[in-house]
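Thanks for coming. I will walk through one structure today, so please have the sequence and the model open.

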Amino acid sequence: MSAEGKFTPKMIGIICNWCCYGGADLCGVSRFQYPTYIRLVRVMCSGRVDLKHIFLAFSNGADAVFIGGCHINDCHYNPEGNYDALSMVNLCKKLLEHAGINPKRLRLEWVSAGEGIRFANIMNEFGREIEELGPLGKSEGIDSTELKLRLEKTGKLIPYLKLAKMKELALHNHDQGMYANLYTSEEVDRLIREAPSYWIDQEKCRACMTCAKRCPVDAIISAKQQTHIVDQEKCIKCGTCLTACPPKFSAVTKITGKEVPPPLPEDKRTIVGKDKENAA
Ligand code: SF4
Ligand code: SF4
């Protein structure tokens with residue numbers, strides 16, 4: 001809040017080095033005014049901005065996020081990163097919607113290095129819009145604890161959603177209009193509802209360690225002669241362990257729509273050799 005009690009949003013602008021940053025620079029040199037509460041972060045390409053960066057910004061108190069890139073077909077890289085940004089932002093808007101957040105809080109625009117006035121106009125317009133909306137959560141009717149939980153819960157599914165929508169996220173289609181319909185709220189809601197969990201059957205696991213070696217995020221609690229466990233907090237639901245577990249053990253199960261059984265305590269996970277089993 002300002003001294004007059006007026007809401008001052010916290011806004012982050014993530015803008016590409018080659019075009020939008022040039023536009024912002026020209027805007028400054030030309031002394032065009034725009035709200036000082038918009039903080040800019042320079043990245044090499046708008047295509048480098050990830051869903052998790054946007055969720056991180058909102059989780060850390062941003063009321064709005066702006067992404068600025070080069071105009072379509074002007075990207076300095078090949079393949080063109082601004083198509084990636086376009087697809088990612090459209091998916092992100094659906095994820096925000098799923099979390100109950102107004103998708104208008106995320107905006108993507110193309111600004112060239114020669115468009116200082118356009119940069120200022122967009123910033124002024126976006127700033128006004130967010131001032132009217134109010135603090136994150138307020139226009140949505142969500143309190144801060146619930147908001148944090150929702151952002152955390154949806155944010156955790158980002159790697160899984162990126163895998164599920166890999167084809168769409170890599171799409172480079174010159175018809176920009178089609179990106180708005182690339183994802184539907186229904187399919188995103190369904191994907192989230194049906195997000196699987198991976199679980200290791202303690203009766204079947206023989207501690208061969210194959211899954212732990214292949215897991216890309218070290219989400220498998222692994223020790224010699226101990227049945228393995230998936231750390232559900234760390235697991236990104238890639239399914240690698242399911243395919244990696246040798247068929248003769250088939251110890252990994254994909255679970256959808258049900259709670260994952262709790263893990264066994266460590267002292268119950270030791271694998272007893274056949275000789276010892278027979279002797280017992
Ligand atoms: S699903 Fe992927 S991330 Fe999760 S435990 Fe298996 S290999 Fe690791
Ligand atoms: S690959 Fe299968 S048998 Fe081997 S440790 Fe993992 S879950 Fe257990």
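I will start with the hairpin of strand 6 and strand 7: two residues sit between the strands, and Gln225 takes a positive phi near 60 degrees. Before I go further, note that this is a predicted model. Strand 6 covers residues 220-223 and runs antiparallel to strand 7, with three bridges joining them. Strand 7 itself, residues 226-230, is mostly covered, as four of its five residues are buried.

Next, the ligands. Which residues are closest to ligand 1? They are Cys215, Cys235, Cys238, Thr240 and Cys241, out of 13 residues that surround ligand 1. By type, the shell around ligand 1 has ten nonpolar residues, two polar and one charged. Ligand 2 has 14 residues around it, and Cys205, Cys208, Cys211, Cys245 and Phe249 come nearest. The shell around ligand 2 divides into eleven nonpolar residues, two polar and one charged.

In soluble globular proteins, nonpolar side chains tend to be buried together. Here the largest nonpolar core has 51 residues, and the members touching the most others are Val65 and Cys92. Several elements give two or more residues to this core, including strand 1 (11-16), helix 2 (51-59), strand 3 (64-69) and helix 5 (144-156). Helix 3 gives the most, at nine residues. Apart from this core lies another, of 15 residues, with Tyr198, Cys235, Cys241 and Val252 among them.

Back to Val65. Setting aside neighbours within four places in sequence, what is Val65 in contact with? The list is Ile12, Ile14, Ile54, Ala57, Phe58, Arg105 and Leu106.

Phe58 lies in helix 2. Is Phe58 buried or exposed? Phe58 has 25 other C-beta atoms within 10 Å, so Phe58 is buried; the cut-off for buried is 20 or more. Beyond its neighbours within four places in sequence, Phe58 is in contact with Val65, Leu136 and Leu151. For a distance along the chain, take Phe58 and His174: they are 116 residues apart in sequence, and their C-alpha atoms are separated by 30 Å.

Helix 1 is next. Why is helix 1 described as largely enclosed by the rest of the structure? Because seven of its ten residues are buried. Those residues are Cys20, Tyr21, Gly22, Gly23, Ala24, Leu26 and Cys27. The cover over the buried residues of helix 1 includes strand 1, strand 2 (38-43), strand 3 and helix 4. Just after helix 1, Arg31 takes a positive phi of about 60 degrees.

Last, a residue in helix 4, namely Ile117. Ile117 has 14 other C-beta atoms within 10 Å and is therefore partly exposed. Ile117 and Leu26 are 91 residues apart in sequence, while their C-alpha atoms are 8.2 Å apart in space. Leu26 is one of the buried residues of helix 1, and helix 4 is among the elements covering the buried residues of that helix.

That is what I have. I will take questions now.

How values were computed. Residues are numbered from 1 along each chain as its sequence is written. Chains are lettered from A and ligands numbered from 1 in the order in which they are written. This is a predicted model: local features need pLDDT of at least 70, side-chain atom pairs count only at pLDDT 80 or more; totals for chains, interfaces and linings use all residues. A residue is near a molecule or strand if its C-beta atom, placed from the backbone, lies within 6 Å of it. Ala, Val, Leu, Ile, Met, Phe, Trp, Tyr, Cys and Pro count as nonpolar, Asp, Glu, Lys and Arg as charged, and the others, Gly among them, as polar. A nonpolar core is a set of buried Ala, Val, Leu, Ile, Met, Phe, Trp, Tyr and Cys residues joined through C-beta atoms within 7 Å. A residue is buried if 20 or more other C-beta atoms lie within 10 Å of its own, exposed if 12 or fewer, and partly exposed in between; C-beta atoms are placed from the backbone. Two residues are in contact if their C-beta atoms, placed from the backbone, lie within 7 Å. Two strands pair if DSSP finds at least two bridges between them.
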